[in-house]
Amino acid sequence: LNPWPVIGGVATTICSEGEYVKSDGAQVGDVVVLTKPLGTQVAVNVHEWRVRQTPKWQELSKRSIISLEQAEDMMHAAVCSMSRLNRHAGSLMVKHHAHAGTDVTGFGILGHAQNLMDNQAAEVGMELHTLPCIANTTKVEESGVLDFRLLKGYSAETSGGLMICMKEEDAVAYCKELEDIDEEPAWIIGRVVEDPNRKASIVDDFKTLEVEMKA
């Protein structure tokens, strides 16, 4: 007999066409929106290293990669991001005519982008040109202390944001309204392109954004 309680559940609903967004409708010319920054795995691990004073933390400190204050701010930003629900981000998708979307969690942004492209009705691919990351997580990644694969698109996210395909004019309005509600930004990070191979990729000259959380 298992001494630990095991609790599971499922939620279902009934809704009509037009009340939800299917995951297979991305179109050539769509842009890609991300509603939360990347880097939660990096932030949480650095916090754990700092608390335990591990050799990895000592190396980061010795090489002046990141300060104690920056590590604390990074963890605070990660907690704020993880604790913010995707409720508003999801509820605005129909209003702003989203064509497809998914969340970004354990497979990393590129892993989930590929899963999304594999599910499309049209022969389309995705090119990501911008990676918004919690401030200072890229410094940790580039230090070589541990390869989280953050800039390769495969760093796992916990309670990550939504990745949504929609027309650019709709995306601009969506990001503005979401920021008005959540008081945190969303970003246009890529585009949907014609591709019979349905490949998701990060372009060679991608850029990163250092995201300072407002909370």
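Let me begin with a definition: a residue counts as buried under 20% relative accessible area, as exposed over 50%, and as partly exposed in between, with a 1.4 Å probe and protein chains only. What we have here is a predicted model, in which local features need pLDDT of at least 70 and side-chain atom pairs count only at pLDDT 80 or more, whereas totals for chains, interfaces and linings use all residues. Residues are numbered from 1 along each chain as its sequence is written, and side-chain values use heavy atoms, with hydrogens and water left out.

I will start with S64, which is exposed because its relative accessibility is 61%, and which sits in the loop between α2 and α3. Helices here are DSSP runs of H or I with at least four residues, strands are runs of E with at least two, and both are numbered from the N terminus. S64 is not a glycine, yet it has a positive phi of about 55°. As background, most residues other than glycine have a negative phi. S159, also not a glycine, has a positive phi of about 50°; this residue lies in the loop between α6 and β4, and with 32% relative accessibility it counts as partly exposed.

Now to the interior. By a nonpolar core I mean a set of buried Ala, Val, Leu, Ile, Met, Phe, Trp, Tyr and Cys residues joined through side-chain atoms within 4.5 Å. Which members of the largest such core touch the most other members? They are V46, I109 and M126, out of 43 residues in that core. The element that gives the most to this core is strand β3, residues 124-134, with six residues.

Contact, in what follows, means heavy atoms within 4.5 Å. If we leave aside neighbours within four places in sequence, M126 is in contact with V32, A113, L116, M117, M163, C165, R191, V193, K199, A200 and S201. Helix α5, residues 108-118, is mostly covered, with eight of its eleven residues buried, and these are G108, I109, L110, G111, H112, A113, L116 and M117. The cover over those buried residues includes β1 (31-34), β2 (100-103), β3, β4 (162-166), β5 (187-194) and β6 (200-211).

Next, the helix packing, where axes are lines fitted to C-alpha atoms, for helices over the stretch in contact, and angles run from 0 to 180 degrees between N-to-C directions. The axes of α1 (residues 40-52) and α3 (residues 68-83) come within 9 Å and cross at roughly 135°. How does that make α1 lie relative to α3, and what are the classes? Under 35 degrees counts as roughly parallel, over 145 as roughly antiparallel, 65 to 115 as roughly perpendicular and the rest as oblique, so α1 is oblique to α3. The crossing is left-handed, a term used when the near helix is turned anticlockwise from the far one by less than a right angle, with clockwise being right-handed.

On the α1 side, T40, V42, A43, V44, V46, H47 and R50 meet L68, A71, E72, M74, M75, A78 and M82 of α3. Sorted by class, this contact has ten nonpolar, two polar and two charged residues, where Ala, Val, Leu, Ile, Met, Phe, Trp, Tyr, Cys and Pro count as nonpolar, Asp, Glu, Lys and Arg as charged, and the others, Gly among them, as polar.

Helix α1 also packs with α2, residues 55-62, at an angle of about 95°, and the axes are 7 Å apart, which means that α1 is roughly perpendicular to α2. Here V46, W49 and R50 in α1 meet K56, W57 and L60 in α2, a contact that divides into four nonpolar, no polar and two charged residues.

Finally, two individual residues. T137 lies in helix α6, residues 137-143, and is buried because its relative accessible area is 0%; beyond four places in sequence, T137 touches L38, G39, V42, A43, M74 and L150. H88, found in helix α4, residues 87-91, is partly exposed with a relative accessible area of 30%. Not counting residues up to four places away in sequence, H88 touches L178, I181 and D182, and its C-alpha atom is separated by 9.6 Å from that of E177, 89 residues apart along the chain.
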